[in-house]
Amino acid sequence: MRIFTLIRQVLDAEETVRVQNNAVALASSKLVMDTMDEYGVEEALRLREQGAEAEIIAIGVGPARLQDALRTALAMGVDRAIHVETDLALDALALSKVVATLASEESADLILTGGQQADWDSHALGAATAERLNWPQATWTTALALSGRTLTGRHDVDEGSETFTLDLPAVITTQQGLNEPRYPTLPGIMKAKKKETRKETLDRFDVVPTVSFERAEIQTKSRKLRILDGKDPQAAAAELINLLRNEARVIA
Amino acid sequence: MILVVAEHANGKLAKSTLELLTAARSLNRAGDVTALILGSDILAIAAEAARFADQVLVAQTPALAQYDPELWTAAIVQIAREGEAHTILIGASRSGREYSPRVAIRLDAPLLEDIISLHDEAGSLHAQRYTYLARVTESISAKAPIIVATIKPGAFAPAASLPSPSEQWDVDLNLPTARLKVTGKTTESTDRVSLTEADIVVSGGRGAGTAEAFTALIEPLADRLGAAIGATRAVVDAGWRPYAEQVGQTGKTVQPSVYIAIGISGAVQHLSGMNKSKLIVAINRDAEAPIFKITDYGIVGDVQQLVPAILAELKK
């Protein structure tokens, strides 16, 4: 079987977001593999280590520098990568067309992708890809096992969680709690250099973004930043309650 | 028509549905604002919805007793086609954000996801949404014969009721069989006010110390303030609190009038779930904690001493 693990490259969570010319400026920022996608890579590797005979392929759609994130996936243990190179920012629905096309061509059985993208804060990629392929999906998965062609797992829903079973082919979206992603080892990094990354261009996928992006703004709410010293707990507590009651007037 | 997919739980229309109806009305697009109710025991919910929507479509069948992304997709797509909907509004709940992309793909419609504002400008829909873990506000737009949008809870005021109830129509659906088989369900419920609807949230992090200390510190304060209880991912992962209380990227997004963060350092993933709160209060022993950068009123000090002192002060 074949497992796709989708790789998106996003701003490192520790980096400050900057906006220039009405768009988020990333050129001089540190970018990393989306943490949510790391869980997907790790889970694919674990399913194989637990007995699934699988080829694991990292899929990335994005600019040239995305190859760094794909190389990380290869160093973690993924077998090969496909990089559809484009500078166009694609919304999740447009992106899902590329992924679904590759999944059909490569006869993928399972697609793993992050539950929420750390840049567009979107949840849509997994479900949109599943719909294009007419596959079922389980989102926000926190446990997963594969026996034959049946997945069992647990995932989060509106209130609480569910256990489920699902037959392949399927799309699974991943999140924190599913596993602890491994770090690439030195032998892994050496081996990754010999692994294949197939480059493709976006043209043949006939992708048209459906949502127009107009501008980005950082609207930081101005905060009062009144920070009290708590060395005298009673005095600090009294001052805080005074502020809440008489300045902000939010409590009785 | 403007199709609004009603959200409901425990036999009641959710507040989010009334917010969707406000968004639908504010568009001033042609056609009835139509609420679609999906479920197996929904007549009371439909009657409630009839007080707010121009018409109510009732799809009551045992097959819809339990939410499933593919069943919901099939139902909504069929109704949208038969009713010639040009706009479909869905709540940006976990479930709404899970099935809405399928609806959009099947209808060949753009998806405006998790939006906080929406207006029609010469037939094209303009919206705003938070991105980069809720640190950036982006403006987006789409123009198409049919558009799907998911609306962030709390972004719109709840709709006011109509002078007289509107008509309700039963609808028949052709539904597929669910491929995701649910084998067990853990529902986390609480007697407290719901986290996403609460006016005040008292939230705790690892700085509370232990599960017992969390309970001893946070619960009495929340009780005193009539607040909901929130928690960080670390606290939930440690098993101190149920997942239903988790605030942040992988939990709930809240925007109460007052958010009180106790022993929370403020990882960006947590901040993304609460940084739109109107007033933020933080108590933490580390003056350099990132939470203090977005705090209105803060105290640097020992939470074990400060929280009881605050409680004592509130009782004065």
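Predicted model: local features only at pLDDT ≥ 70, side-chain atom pairs only at ≥ 80, totals over all residues.

Begin by selecting chain A, whose C-alpha trace spans about 65 × 45 × 40 Å along its principal axes, and colour it by secondary structure to bring out six helices and 15 strands. Of its 252 residues, 47% count as buried. Among the contacts in chain A with a separation of 6 or more, 69% are made by residues 24 or more positions apart.

Next, colour the domains. In chain A, select 2–205 for domain 1 and 221–252 for domain 2; the C-alpha centres of these two domains of chain A lie 45 Å apart. In chain B, the corresponding selections are 2–170 for domain 1 and 200–315 for domain 2, and here the C-alpha centres of the two domains lie 32 Å apart.

Now show the contact between the chains, to which chain B gives 70 residues and chain A gives 69. On the side of chain B that touches chain A, select helix α4 (residues 94–106) of chain B, which supplies the largest share of that side, namely ten residues. Colouring that side of chain B by residue class separates 34 nonpolar, 17 polar and 19 charged residues.

Which strands form the open sheet that is the next stop? Select, in order, β15(A), β17(B), β16(B), β15(B), β13(B) and β14(B), six strands whose pairing is parallel. The edges are β15 (226–229) of chain A and β14 (228–231) of chain B, each of which pairs on one side only. Ignoring direction, neighbouring strands of this sheet are turned by 20° against each other on average.

Zoom in on the place where the sheet passes from one chain to the other: β15(A) and strand β17 (residues 297–300) of chain B run parallel and are joined by four bridges. Selecting A:I227 shows it standing opposite B:G298 in β17(B), while A:D229 has B:V300 of β17(B) as its bridge partner.

Notes
Residues numbered from 1 in each chain as written. Chains lettered and ligands numbered in written order. Helix = DSSP H or I, 4+ residues; strand = E, 2+ residues; numbered from the N terminus. Buried ≥ 20, exposed ≤ 12 C-beta atoms within 10 Å, placed from the backbone. Contact = placed C-beta atoms within 7 Å. Domains from an automatic or database assignment. Pairing = 2+ DSSP bridges. Axes fitted to C-alpha atoms, helices over the stretch in contact; angles between N-to-C directions. Nonpolar A, V, L, I, M, F, W, Y, C, P; charged D, E, K, R; others polar.
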